[in-house]
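Q: I have a model open and would like to go through a few spots in it with you. Can we take them one at a time?

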Amino acid sequence: MWPFCRKGPSGFSSSSTAEEVTQGIDGTGLTAIITGASSGIGTETTRVLALRGVHVIMAVRNMAAGRDVKEAIVKEIPTAKVDAMELDLSSFSSIRKFASDFKSSNLPLNILINNAGVMATPFMLSKDNIELQFATNHLGHFLLTNLLLETMKKTSKQSEKEGRIVNVSSMAHRFPYSEGIRFDKINDKLGYSSIAAYGQSKLANVLHANELSRRLKEENVNITANSLHPGAILTNLFRFSGIIDGLAKSVGRLVLKNVQQ
């Protein structure tokens, strides 16, 4: 049980679930893309948006896992409109193919939730030879957003409905390298810190949302861009950090939020 239940101005608290927050909302006619939708909060976000009538495109690296999630959601919610499309955020070519395939579908795009991520990985390079956490968590979502932005602008204009872009960041954005984002040392293996590299990528998520929001307002476009800290949640994001994973599993129910929250 999440212990911090004091309600804020919205009427909700840290223990509020996605179902509670969206109660009474009708998302019929809206289309959303959610990255990393085959597990954790990506799956729950998909389920709840589908429950509210949104057509959800699950952007997933593992298509088998994506299909399993889709089947489970449709079994629970027979009216759910859910599709899975392959996307590897550590590969620019995969991102470009995903964006091209989506645009070819001629679907509208009201909501983009940049949720997928990796955390505290050993030093590894992406398929494009960029440090994996920065490539996956920031650059991949940055490119995806840019490639889909014109579709979102067109949708918001034609539908006269506000578009939403959400970057799932983390409180860890406060703990990057001492100099912040090390643009000139992204691939520095000798100075690599898995935790600081994660913080660096999450800081980039925040800065991306802030600047994108400024530009959209400047252009008078009816789309919002925000970043968020979802809370400390017990998911498989901890899988690369043995100590953190062990602590999370041993005390998780006392100090961590569950996926529904």
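Q: Where is Asp 88 found?
A: In this predicted model, Asp 88 lies in the loop that links β3 (81-86) to α4.

Q: And is Asp 88 buried or exposed there?
A: Asp 88 counts as buried, because its relative accessibility is 12% and the cut-off for buried is under 20%.

Q: What does the side chain of Asp 88 make a polar contact with?
A: The partner is the side chain of Lys 127, with the two side chains in polar contact at 2.7 Å.

Q: Which residues does Asp 88 touch, if I leave out those up to four places away in sequence?
A: With that exclusion, Asp 88 touches Lys 127, and also Arg 61, Ser 94 and Ile 95.

Q: Switching to the strands: how many residues of β1 are buried?
A: Five of the five residues in β1 (residues 31-35) are buried, so this strand is largely enclosed by the rest of the structure.

Q: Which way do they point?
A: Thr 31, Ile 33 and Thr 35 point one way from β1, whereas Ala 32 and Ile 34 point the other way, and all of them are buried.

Q: What joins β1 to β2, and how do they run?
A: Five bridges join β1 and β2, and the two strands run parallel, with Thr 35 standing opposite Ala 59 of β2.

Q: OK, on to the largest nonpolar core: which residues touch the most other members?
A: Of its 24 residues, those are Ile 33, Phe 98, Leu 148 and Ile 165. At least two residues of this core come from each of β2 (55-60), α4 (92-104), α5 (132-159), α6 (194-218) and β6 (223-228), and α5 supplies the largest share, five residues.

Q: What does Ile 165 touch, again not counting residues up to four places away in sequence?
A: Ile 165 touches residues including Leu 112, Leu 149, Met 152, Leu 212 and Ile 223, and its contacts also take in Asn 114, Thr 145 and Asn 226.

Q: Which residues are in the other core?
A: Another core, of 19 residues, lies apart from the largest one, and among its members are Leu 30, Ala 32, Val 54 and Val 82.

Technical notes: Residues are numbered from 1 along each chain as its sequence is written. This is a predicted model: local features need pLDDT of at least 70, side-chain atom pairs count only at pLDDT 80 or more; totals for chains, interfaces and linings use all residues. Side-chain values use heavy atoms; hydrogens and water are left out. A nonpolar core is a set of buried Ala, Val, Leu, Ile, Met, Phe, Trp, Tyr and Cys residues joined through side-chain atoms within 4.5 Å. Buried means under 20% relative accessible area, exposed over 50%, partly exposed in between (1.4 Å probe, protein chains only). Helices (H or I, at least four residues) and strands (E, at least two) are DSSP runs, numbered from the N terminus. Contact means heavy atoms within 4.5 Å. A polar contact is a pair of N or O atoms within 3.5 Å; within protein, one must be able to donate a hydrogen and the other to accept it, and residues adjacent in sequence count only if both atoms are side-chain atoms. Two strands pair if DSSP finds at least two bridges between them.
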